[in-house]
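User: I am new to this structure and would like to go through it step by step. Could you show it first and then take my questions?

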Number of protein chains: 2
Amino acid sequence: MDNVDRETTQKIMDLFSRFRRLHRACPIPGIKHSEMRILFGVKKSLKVHGCGARISDLSRGMRVTSPTVTQLVNSLESSGLVERTTDPQDRRSIRVILTKKGEETLQTAADAFFSEFHGLVKHLGEEKSQQLIELLTESFNYLRSNTPTKFAGETE
Amino acid sequence: MDNVDRETTQKIMDLFSRFRRLHRACPIPGIKHSEMRILFGVKKSLKVHGCGARISDLSRGMRVTSPTVTQLVNSLESSGLVERTTDPQDRRSIRVILTKKGEETLQTAADAFFSEFHGLVKHLGEEKSQQLIELLTESFNYLRSNTPTKFAGETE
DNA sequence: AAAAATTAGGTAGGTAACCTACCTAATTAT
DNA sequence: ATAATTAGGTAGGTTACCTACCTAATTTTT
């Protein structure tokens with residue numbers, strides 16, 4: 001391993017480590033980032049399948065375990081942002097839907113989120129943004145398949 | 001905002017979200033990732049300044065608060081990986097140094113860590129690795145300066 | 001030199017975002 | 001009918017942080 005290699009590796013390690021800790025944003029006061037992800041998931045289900053999301057759907061989509069989803073849905077439910085409805089087809093399942101307040105909150109947060117990242121895309125420009133997408137995807141795939149690193153909820 | 005833009009932004013958001021959750025590796029059983037970072041910091045201080053690291057040095061270097069460092073150093077101390085020594089120049093300060101066991105543990109973990117990322121660098125190749133470094137750095141700088149997002153321990 | 005301010009580190013207790021182990025109710029397969 | 005599977009929930013734990021507040025040592029100000 002030559003020195004250029006060593007330095008490059010060191011820099012990549014450093015950047016990954018910093019990016020890992022880049023979050024902790026609260027797009028909207030009173031709502032957590034992980035809850036936002038649930039809201040996004042429910043909305044997507046509503047849009048794509050025309051019905052609420054099951055706990056297991058959200059679990060798969062977010063790559064977290066179902067107890068984690070249960071807790072987040074509980075929290076969103078007590079904030080009045082989502083509702084649990086029963087699935088007439090399968091009484092074991094529940095369908096999580098957005099309340100009116102949930103819809104509104106999601107809209108606001110999505111806009112804020114989006115504009116932040118859209119700012120980045122504009123800043124980098126189309127070409128660099130595409131490059132970044134490709135490089136991150138490639139890195140992600142490599143790390144997923146070639147290291148003993150445990151990935152969050154890697155079950156598929 | 002056109003559709004290409006929208007799609008690009010969506011992808012970047014997604015990738016960032018996934019990368020944020022890409023960690024949770026325990027390089028060495030019995031030692032946590034955050035503790036490893038302390039070990040790295042102490043080693044660096046020993047190498048660069050020839051003396052142990054102060055709590056405040058580690059806090060600045062890791063971009064976390066000093067109580068966080070205190071706890072991690074406590075944990076490492078009770079595992080026998082580091083030791084607190086008093087600074088004769090300033091009796092308020094302590095100097096954290098590595099024990100023999102700490103040196104060994106660090107070496108093993110550093111190798112494991114390094115080879116994981118070195119694998120990525122080899123996989124991507126020198127050119128793409130450099131590109132990734134540049135793009136991540138640029139993105140990081142942008143996000144740091146242009147969003148209300150709270151960054152971990154951003155105090156400098 | 002005495003009082004005030006600052007700095008280094010520590011303690012107590014909290015939070016977000018996860019997890020595992022285990023449980024019940026409903027459905028499906030044998 | 002019984003067994004297995006699936007959906008969701010409960011209880012309790014972990015990691016990686018944080019804020020508020022405290023004491024002891026050092027500096028600065030008067």
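Analyst: For what follows, Ala, Val, Leu, Ile, Met, Phe, Trp, Tyr, Cys and Pro count as nonpolar, Asp, Glu, Lys and Arg as charged, and the others, Gly among them, as polar. The model is predicted, so local features need pLDDT of at least 70 and side-chain atom pairs pLDDT 80 or more, while totals for chains, interfaces and linings use all residues. Residues are numbered from 1 along each chain as its sequence is written, chains are lettered from A and ligands numbered from 1 in the order in which they are written, and side-chain values use heavy atoms, without hydrogens and water.

User: How many nonpolar, polar and charged residues does the surface near DNA strand C have?

Analyst: A residue is near the strand if one of its heavy atoms lies within 4 Å of it. In that sense 24 residues surround DNA strand C, and the closest include B:R21 and A:S34. By class, this surface has 5 nonpolar, 10 polar and 9 charged residues.

User: Is A:F16 buried or exposed?

Analyst: The rings of A:F16 and B:F117 have centres 5.6 Å apart and planes at 80°. Rings of Phe, Tyr and Trp (its six-membered ring) pair if their centres lie within 6.5 Å, with planes under 30 degrees apart counted as stacked, over 60 as edge-to-face and the rest as tilted, and so this pair is edge-to-face. Buried means under 20% relative accessible area, exposed over 50% and partly exposed in between (1.4 Å probe, protein chains only). With a relative accessible area of 9%, A:F16 is buried.
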